[in-house]
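I opened this notebook to keep track of what I looked up, in the order in which I looked.

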Amino acid sequence: MNQPPNEQLKRLEQVTSPPHQEPPILDETTAGLRESWKGLAILLNASDKEINKNPLPTFAVPARRSRVWIFASVSAVSAMILVAIGWKYLPRQSPTKVTALPAAATNTNQGKAPQETQMPRIVPTPKPVLPPLAVVDESVKANIAWDDPLDEEIAAAQNELVRAKAGSSWADGPFRILSWRMEQMDLELNDEAL
Amino acid sequence: MFASFDHRRDAQRVTQWMRDHGRAVRGYLFALVRRLDLADDLTQDVFRKAWQARGSYQEQGTPLAYLLRIADRVACDWSRRVRPELNLDGNDWRRFEPAAEESDAEHGLHHAEAVDELMAALDQLSAVQRRVLLLRYYGDLSFTEIATVLNCPLNTALSHCRRALSTLRKMLAGKFESPL
């Protein structure tokens, strides 16, 4: 069946035209193909009748979602994300108790503006009072007491050192004093006077 | 307000398509996959895809041709999903996907003689030959459209059609004497 494409196309369109439309006179080969087509059409038609005894599946068109709901959903999700971020990253206040004192109790000065009297006051949380671990006898205390001048020397040197670290404009004098005292201590230690 | 009007118009159109062409689409899919339950599922897939693509639908050709194009793609996708190493164009398709009698029996489809004969006739054809004849029968697609669906040259589509009918002629010769 070596025909030009257009000729072949035309013949096959005639062959496969709907079975109830009879095409014009066909040659023997084309008529044979036409019979095949009609036979297939009969089988397909019968098959369709058979399967169409079962109801066709239904297709429900999805309901249209309102844009208001979409906007509300997006807003709610955004708000939740912001709250979550804030909860995680923003610094939190120390657990200081904030109490609003009643106006009658705080408004002792009648001349003050009423806004000032109604401001909440921050009351520091009282430190828990722990019971003493043990009762120490006075005689034992006397034995434990230790008045050592070296402690005072060391404390004074530490103070000088702290002050020297805090600033540098006045550091020359105190450093000299500190140096002198350290030298004195060194001498005393070498002489075993302490 | 316009969006609401568009939605209603699209819904009416797809619902109308389902009423007018649902049986043809199901028949096409049934002839390809040979299982009614599966054909029903794939038919729903076809209309769902048509609904999803409603925004890009252009009224070129008939709606049935448009739906059959989707159906053909859905059937091919299904065959690749089930048997990734096969496709509808392969000869292995027939070996791996025979008619599933048990499944059809479950769904109350009793194979009539005509259905059995149809299946026997389609078994004589390659998958691509089946698609050519079925697209032509159910959708009355032109051969140019069929070539587009099959992604092959027009001459190839014509050859498939001619060979398929020649094969069927040997089987169906003299079987149907009465005119339609």
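**Entry 1: what I am looking at.** I note at the outset that this is a predicted model, and I read every value below as computed from that model.

**Entry 2: chain A by itself.** I looked up the secondary structure of chain A and found 8 helices and 2 strands. Going from the N terminus, I wrote the order down as α-α-α-β-α-α-β-α-α-α. I then asked how much of chain A counts as buried, and the answer is 21% of its 194 residues.

**Entry 3: where chain B touches chain A.** How many residues does each chain bring to the contact? I found 49 residues from chain B and 42 residues from chain A. The area buried between chain B and chain A comes to about 4300 Å², and carbon and sulfur atoms give 72% of that area. I looked for salt bridges between chain B and chain A and the count is 0, while the count of residue pairs in polar contact between them, both at pLDDT 80 or more, is 10. On the side of chain B that touches chain A, the elements giving two or more residues are helices H1 (2-33), H2 (36-52), H6 (113-123), H7 (127-139) and H9 (154-172) of chain B. H1(B) gives the most to that side, with 12 residues. Sorting the residues of that side of chain B by kind, I have 28 nonpolar, 13 polar and 8 charged.

**Entry 4: salt bridges in chain A.** Lys38(A) and Glu35(A) form a salt bridge, at 3.9 Å from N to O. Both residues belong to helix H2 (residues 28-51) of chain A, where they sit 3 residues apart, about one turn of the helix. Is Lys38(A) buried or exposed? Lys38(A) has a relative accessible area of 12%, so it counts as buried, whereas Glu35(A), at 43% relative accessibility, is partly exposed. I next looked at Lys53(A) and Glu50(A), whose salt bridge has its closest N and O atoms 3.3 Å apart. Here Lys53(A) is exposed, at 62% relative accessibility, and Glu50(A) is buried, at 13%.

**Entry 5: salt bridges in chain B.** Asp37(B) and Arg35(B) make a salt bridge, and their closest N and O atoms are 3.3 Å apart. Asp37(B) is buried, because its relative accessible area of 15% is under 20%, while Arg35(B) is partly exposed, with a relative accessible area of 24%. I also noted one network, in which salt bridges that share partners join Arg9(B), Asp10(B), Arg13(B) and Arg54(B).

Notes
Residues are numbered from 1 along each chain as its sequence is written. Chains are lettered from A and ligands numbered from 1 in the order in which they are written. This is a predicted model: local features need pLDDT of at least 70, side-chain atom pairs count only at pLDDT 80 or more; totals for chains, interfaces and linings use all residues. Side-chain values use heavy atoms; hydrogens and water are left out. Contact means heavy atoms within 4.5 Å. Buried area is the accessible area (1.4 Å probe) that two parts lose on being put together, summed over both. A salt bridge is a side-chain nitrogen of Lys or Arg within 4 Å of a carboxyl oxygen of Asp or Glu. A polar contact is a pair of N or O atoms within 3.5 Å; within protein, one must be able to donate a hydrogen and the other to accept it, and residues adjacent in sequence count only if both atoms are side-chain atoms. Helices (H or I, at least four residues) and strands (E, at least two) are DSSP runs, numbered from the N terminus. Ala, Val, Leu, Ile, Met, Phe, Trp, Tyr, Cys and Pro count as nonpolar, Asp, Glu, Lys and Arg as charged, and the others, Gly among them, as polar. Buried means under 20% relative accessible area, exposed over 50%, partly exposed in between (1.4 Å probe, protein chains only).
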